[in-house]
Amino acid sequence: MISLRPHILSRDPLQLERDFVLHGWEKYRAAQILKWVYRGVLDPMQIPNIPKHLREGLDDTYEFSIPLTVKESESEMDRSTKLALRLRDGRIVECVHLQTPRLHTLCVSSQVGCAMGCTFCATGKMGLLRNLEVWEILAQLLKLRMRAPEDRHVNVVFMGMGEPMVNYDRVLESIRVANDPRTLGLGARHFTISTSGVVPGIRKLAKEAMQVNLAISLNATTDTQRTKLMPVNKRWPIADLMLAARYYTENTQRRLTFEYVLLGGVNDTPGDARRLSKLTRDLPHKINLINWNPTPGAPYHPSKKPQVFRDILMNEGHQVTLRYSQGKDVNAACGQLGADLLAKAGS
Ligand code: SAH
Ligand code: SF4
């Protein structure tokens, strides 16, 4: 049965304090409780050093249980782990913990599925099932954060399932809550929102007080080519997208990231690299190249010569990384989230 109590993660620290005052509970307890909750103590009866009446009150007032991890897939190729979480309505959402010796990255989802329909992406094939709630995004962060050592900085990327700009308010609110030292204390500068090119979202983000990073999934350099790969390009073609990118960099003084998925024989020619160079040259940016990760039934191949593409860009003075996507063997790599779910559904 779906509980009607608000979820404890749906209350930001100030709201929780207000709730406490209304209930006649000591206000300072709110921060104390959040500290334990965000360390994974998700049962009021287990929270140390609080009076019994408060435990019982909390139990009556809030829902504490977070989505169950129904599958945990550890990559044998690297140290990434994919978690499949079952939400209260039975839907499954996936998130990934990526680690290198230097860096822990938490890759979270903003939606169940995605409506954008990019032809190279497994999540796109699912269609959009629904937006995630703020607390469902925070629950992913909480679970993934606990996998990294507490004294380590982590980066958070909205590169899991879904288009974060379509669930803009909830994504921003989850970042705001996660920033708070009373919850996870993750600095906004460590967050990156990745978008397929939803122009109004980019323009809105440019005006936010929060210092969140932006990544734009460009993936193609002509409108004809981009529209074939990413239907979103019909609505906001490359020229509009680049104007919004400029607006973002000018307003925030931040460098942005362009992501570019390399599809063998489709968008990986030297001409593509030169057009990409020209499009991005005048903006403060870096470029992340990702060789395509196979997804079921998609008519593409990875690029056979990603280094050639990278070198052209490097020679033209761009900062480029050719990302060897982690977690390919467990379908945890970019664009593969949802692939297991599709396979199960027989599509
Ligand atoms: N919807 C957002 C964020 C999630 S997708 C966006 O599109 O930006 C995160 C990244 O994975 C995007 O850059 C996307 O282009 C890339 N991607 C999608 N499918 C992929 C695949 N099969 N192989 C490699 N990268 C992929
Ligand atoms: Fe959605 Fe991003 Fe996949 Fe496109 S690449 S379908 S926007 S998740």
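A polar contact is a pair of N or O atoms within 3.5 Å; within protein, one atom must be able to donate a hydrogen and the other to accept it. The model discussed here is predicted.

**Thr-195**

Start with one residue. Thr-195 lies in strand β8, which covers residues 191–195. Its side chain reaches the backbone nitrogen of Val-198 at 3.2 Å. Is Thr-195 buried or exposed? Thr-195 counts as buried because its relative accessibility is 0%. Leave aside the neighbours within four places in sequence. Thr-195 is then in contact with Glu-163, Met-165, Ile-202, Leu-214, Ala-215, Ile-216 and Ser-217.

**Helix α10**

Now take a helix. Helix α10 has 15 residues, 238–252. At 1.5 Å a residue, α10 should span 21 Å. Its end C-alpha atoms are 21 Å apart, so the two values agree.

Which residues of α10 are buried? They are Ile-238, Leu-241, Met-242, Ala-244, Ala-245, Tyr-248, Thr-249 and Thr-252. These residues cover an arc of only 160 degrees around the axis, so they sit on the same side of α10. The face turned away from that buried side carries the exposed residues Ala-239, Leu-243 and Glu-250.

| Element | Residues |
|---|---|
| α7 | 199–206 |
| β9 | 213–217 |
| α8 | 223–229 |
| α9 | 232–235 |
| β10 | 256–262 |
| α11 | 270–280 |

What follows α10? Gln-253 does, and its phi is positive, near 60 degrees.

Conventions
Residues numbered from 1 in each chain as written. Chains lettered and ligands numbered in written order. Predicted model: local features only at pLDDT ≥ 70, side-chain atom pairs only at ≥ 80, totals over all residues. Heavy atoms only, no water. Helix = DSSP H or I, 4+ residues; strand = E, 2+ residues; numbered from the N terminus. Buried < 20%, exposed > 50% of the residue type's maximum accessible area, 1.4 Å probe, protein only. Contact = heavy atoms within 4.5 Å. Expected span 1.5 Å × (residues − 1). Arc of directions from axis to C-beta.
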